[in-house]
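Here is a short briefing for a first look at a structure. Please keep the sequence and the 3D view open as you read.

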Amino acid sequence: IIFGAGKIAEAVSYFFNRDSEYDIKAYIVDDLYAKFDTFLEKPVIKLSLVEEKFPTTEYTVFVAVGYQGINQVRTAKFEYFKSAGYSFASYVSPKVEGDFTFGENTIIMDYAMIQPRVSFGNNVFVWGGAMIGHHTVISDHVWLTGGCLVGGVTHIGEGSFIGLGTMIGQEVTI
């Protein structure tokens, strides 16, 4: 199941549907935003009904919302589902290779270049074309936009947003 029913959820769904082992069953939204019955031909479910309709023992979730409030909305929803006992889906494009690790609710899109020994935390979005240098640590709840360049041995702190085309030198802590 995917939390979100907007442009980010649509982009994430493209990748999950294209080449992952996951089968999207529904989209979850806050009750206030449940104004339509379907999204991408799947049911839209109110958040207050999610545990009843999709038990934590049978479904995984992916939180697909943007970087509003410097990732605070996505972080809050990640924490909500975590505390409810859900496990999380992650996705790494088959067009990305490398020696790296990643956490829960992380997506790494096509043609991101990841050098050896990079570590991604939980709830991290890496858009296509990003380049992450060797031995870099990306903390939880980070958003790396397309075309950003992160030098080696760098630490990107929790909740950071790295914008389009941003260049960060090596051995930097943010």
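The model is predicted. Across the whole structure, a search finds 7 salt bridges.

- Arg18 pairs with Asp19 in a salt bridge, with the closest N and O atoms 2.8 Å apart.
- Arg18 is partly exposed, at 28% relative accessibility.
- Asp19 is partly exposed too, with a relative accessible area of 30%.
- Salt bridges with shared partners join Arg18, Asp19, Lys95 and Asp110 into one network.

**Lys77 and Asp30**
- A salt bridge joins Lys77 to Asp30, and their closest N and O atoms are 2.7 Å apart.
- This pair links distant parts of the chain, 47 residues apart.
- Lys77 sits in helix 3 (residues 68–84). Asp30 sits in the loop between strand 2 (27–29) and strand 3 (38–39).
- Is Lys77 buried or exposed? Lys77 counts as buried because its relative accessibility is 14%, and buried means under 20%.
- Asp30 is partly exposed, with a relative accessible area of 22%.

**Lys82 and Glu104**
- The side chains of Lys82 and Glu104 form a salt bridge, at 2.6 Å from N to O.
- Lys82 lies in helix 3, and Glu104 lies in the loop between strand 8 (100–101) and strand 9 (107–108), so the pair ties together parts 22 residues apart in sequence.
- Lys82 is partly exposed, with a relative accessible area of 36%.
- Glu104 is partly exposed as well, at 24% relative accessibility.

**The largest pocket**
- How many residues line the largest pocket? The lining has 17 residues.
- Phe3, Gly4, Ala5, Val65 and Gln68 lie nearest the centre of this pocket.
- Helix 1 (7–19) and helix 3 each supply at least two residues of the lining.
- By class, the lining of the largest pocket holds 10 nonpolar, 4 polar and 3 charged residues.

**The second largest pocket**
- The lining of the second largest pocket divides into 8 nonpolar, 1 polar and 3 charged residues.

Technical notes
Residues are numbered from 1 along each chain as its sequence is written. This is a predicted model: local features need pLDDT of at least 70, side-chain atom pairs count only at pLDDT 80 or more; totals for chains, interfaces and linings use all residues. Side-chain values use heavy atoms; hydrogens and water are left out. A salt bridge is a side-chain nitrogen of Lys or Arg within 4 Å of a carboxyl oxygen of Asp or Glu. Buried means under 20% relative accessible area, exposed over 50%, partly exposed in between (1.4 Å probe, protein chains only). Helices (H or I, at least four residues) and strands (E, at least two) are DSSP runs, numbered from the N terminus. On a 1 Å grid over the protein atoms alone, a cavity is a set of points where a 1.4 Å probe fits but cannot get out, and a pocket is an open set with protein on both sides within 12 Å along at least five of seven lines; lining residues have an atom within 4 Å of a point. Ala, Val, Leu, Ile, Met, Phe, Trp, Tyr, Cys and Pro count as nonpolar, Asp, Glu, Lys and Arg as charged, and the others, Gly among them, as polar.
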